Amino acid sequence: MGFHEIFIDMVWRIMANNWYSIIVNGKRHGFFHSTRGLKQGDPLSPALFILGAEVLSRSLNRLHSNPDYHGFVMEPRGPQVNHLSFADDIILFTSGRQKTLKLIMQTLNLYEETSGQLVNTDKSHFMVHPNAFNSTRDRIKRLTGFRQKEGPITYLGCPLFIGRPRIIYFSDLINKVLCRITGWHTKMLSYGGRAILVKHVLQSLPIHLLAAITPPSTVLKQAQSIMADFFWGWRNEKKKYHWASWKNLSFPYDEGGVGMRNLKDVSTSFQYKQWWIFRSKHTLWGEFLKAKYCQRSNPISKKWDTGESLTWKHMMHNKHKIEEHIHWKLNSGNCSFWWDNWLGMGPLAYQSTGSNRFNQITVADFWLEGRWNLNMLLQQAPNSQLANILATELHIQQGIPDQAVWKPNSDGTFSCSSAWNVIREKRNKTKFNSLIWHNNIPFKSSFLLWRALRGKLPTNEKLTSFGNEAANCFCCCNRPGLDTIEHTFNKGQFATNVWKSFAAPAGIITDHSSLPQLIMQWWSAKANNEAHRLLLQATPIFICWNLWKNRCASRYGGKQSNISRVKYAIYKDNYKLMTTCFPHIKWPSRWWDLIQLGEKCTQDIKVTVVKWIKPPNGWVKINTDGSALGNPGRMGAGGIIRDQYGEMLLAFATPLGEGSNNQAEVAAALFGMTWSLERGYRNIILEVDSQLLVDWIENKTIPHWSINTRLLKLQALIRQANEIKCKHTFREANFVADSLSKHSHKITSPQIYLGIQQLPKETRAYYQLDILEMANFRRRRIKKIKEPP
Ligand SMILES: [Zn+2]
């Protein structure tokens, strides 16, 4: 195959120097030599395999240039594909012609001889169109030696089929989910353990399949109900009652769910990914589809036709929804003027009825010498968008294709989780919902409270509605009918006693309100520090959890309800939590002391002295600041340029239209830099109080996609200076720019100040302090919790 001597020698030595020893009944027996093959796990083995496979792939592709070869008929203007291969799994596409089949078999045989690998005839099959002649089938059989097979087939775990997606094609998927579950003993796992398995393992099983194809929704529902059965558990071969629907579990914690996902949404997010790749990247399958279905028109303007592929059907079905989230960043202007969303208002084609919207004209066609071609726009563009188009600033970069931006992610790149978040149904976020959960509080404890608050526990309220008889209280009074959520967790004598003994030392007044109100009394109490806050959050969760454990032990476990046991368990749960979260503090061994210590812990306040410092001789310093009211909202910018004596050279305040804080920060720096260069300053210190902006300028982090164009302009200006330093300073040393930025919200047009007397009053005061290099004090709470002295 044309390898260098040294390479062949290296490979040979690895293969030849291979000794094995076998352990029989625990004892090693002899050494023997291997005559072929590598050591197991040697990375050379896959490398050699890939080299070999590459040879096969290239020789198959070379057939296209052979005049005797007539392959599988494909769209002539698209890519010609005669095989797809992954590792040792290969699909060949061909016509049934004798010469062609012979050529392919010759190529395979040559590969077998050269590589020493063999085609497994038993595992190889051929498929033909249902209407193919018998003579064709016989010819293929004779020439290849393979047997015929009917579809569907499975390739890399994906069912390949023609026509409607039948549920039977996806039985593998269902079986895989079932197999996993039967291997786990649900009895040994808590709700928390099962939740983790469902979230991480079960939901990821079908992932690779969903990435390639879209199963029918019945299949997804079936897989999901298997997961739900597993989550709620089994008893004696019977699945337990599902206390909440999967839908209600499938919301993030702060929206009142328990963090599960709806499989249908996950599947849809993969369809989004497919469309994103189709639109923004060059791939073989993408080029294939484009050649097949949108030869002359833009994919967005296409409609699905009967007979076209199922994947294409799904793509056509979703595209409008997905396109709303894609923005095109102009570089060389090669994106479609009519169909790509480069203006941010959706495709311009929707605003026009003219037939010219179906042409392939690009945005760059509307440019003339780096500017918008007004005449052409007047003739062709929709009038209603003319102002918006002309307001689009151009930063033309020849040779760089326009770039698709995925708006839901701040850096503009696609991710399935961001797509999922766009697709899924949302509910209101509440503080109350999110406080039920904490990373270091066990899932089972939080989940119990979640269920109690929703009346989803096997107590009287629910059981009597199933026709069961009401049960008596199991915790304290044994009174008839009192096995209810309110009695067990709140109003009962046992519960009241427990709540009181924890609330009193914590300084919380508990009156006899409902359970949610009682919990709210803990969660709305004022926390002195982070440790105290965690105790206030966790204690009600642990109280409910242990009250429930006590009730169940008394009901099913034959144990007596015992108040000191419950109190100790609640203390212990809290102690464990605090030791995990704040290990550097020694937590005491009684509740009273624990909560007292939690209250008295301190967070130090760090005071730093900051001041504005004059630039060195021959330099100027620009301080800028930008802000948006409401973020996003009305933006404004302010800034000042000062010399080595701290004397003002120029200052400005300007409103900027709508946008975010970060956009305003960039725009402010851009404004300041423009003026400094205009005035001929070449040694510049640019000082801002946004660390993010400094990082963006220095290309240390990727900015939000909406900032990119402005940032590139700013970087271009920065390169024009002789010497430049970008510095971060604290806001306390940037008060002049800060006050000018605030002032910009009160004015309607840009203001340039050349004399101190013109400055707004507040700005002037800060300016005087800066000249004297007066110190400001910056106070920050330090995160780390300290024991009281
Ligand atoms: Zn009772």
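Which residues in α10 meet which residues in α15? D265, V266, T268, S269, F270, Y272 and K273 of α10 meet C416, A419, W420 and I423 of α15. Contact here means that two C-beta atoms, placed from the backbone, lie within 7 Å.

1. Basis. This is a predicted model: local features need pLDDT of at least 70, side-chain atom pairs count only at pLDDT 80 or more, and totals for chains, interfaces and linings use all residues. Residues are numbered from 1 along each chain as its sequence is written. Helices (H or I, at least four residues) and strands (E, at least two) are DSSP runs, numbered from the N terminus.

2. The α10/α15 pair. The two helices pack at an angle of about 120°, with their axes 8 Å apart. That makes α10 oblique to α15. Axes are lines fitted to C-alpha atoms, for helices over the stretch in contact, and angles run from 0 to 180 degrees between N-to-C directions. Angles under 35 degrees count as roughly parallel, over 145 as roughly antiparallel, 65 to 115 as roughly perpendicular, and the rest as oblique. The crossing of α10 past α15 is right-handed; that is, the near helix is turned clockwise from the far one by less than a right angle. The contact residues divide into seven nonpolar, two polar and two charged. Nonpolar covers Ala, Val, Leu, Ile, Met, Phe, Trp, Tyr, Cys and Pro; charged covers Asp, Glu, Lys and Arg; the others, Gly among them, are polar.

3. Helix α10 itself. α10 spans residues 263-280, 18 residues in total. From first C-alpha to last it reaches 26 Å, close to the 26 Å expected at 1.5 Å a residue. The expected span is 1.5 Å times one less than the number of residues. Its buried residues include L263, V266, F270, Y272, W275, W276 and F278. Buried means 20 or more other C-beta atoms within 10 Å of the residue's own; exposed means 12 or fewer, and partly exposed is in between. The cover over these buried residues includes α7 (207-212), α8 (217-232), α11 (284-293), α12 (310-323), β14 (403-406) and α15 (416-423).

4. The α3/α4 pair. Helix α3 (residues 98-115) and helix α4 (residues 134-144) pack at about 25°, with axes 10 Å apart. They are therefore roughly parallel to each other. α3 passes α4 in a right-handed crossing. Q98, L101, K102 and M105 of α3 make the contact with R139, I140, L143 and T144 of α4. These residues divide into four nonpolar, two polar and two charged.

5. C473. This residue is in the loop between α18 (460-463) and α19 (485-491). C473 counts as buried because it has 22 C-beta neighbours inside 10 Å. Beyond residues up to four places away in sequence, C473 touches N478, R479, L482, D483, H487 and G492. V363 is 110 residues from C473 along the chain, and their C-alpha atoms are separated by 75 Å.

6. G638. G638 is in strand β17 (residues 633-642). It counts as buried because it has 31 C-beta neighbours inside 10 Å. Leaving aside neighbours within four places in sequence, G638 is in contact with D625, F652, A653, A668, A737, L740, S741, H743 and S744.

7. Helix α28. Seven of the nine residues of α28 (residues 735-743) are buried, so this helix is largely enclosed by the rest of the structure. They are F735, V736, A737, D738, S739, L740 and S741. The buried residues of α28 pack against β16 (620-629), β17, β18 (648-659), α25 (661-678) and α29 (761-771).
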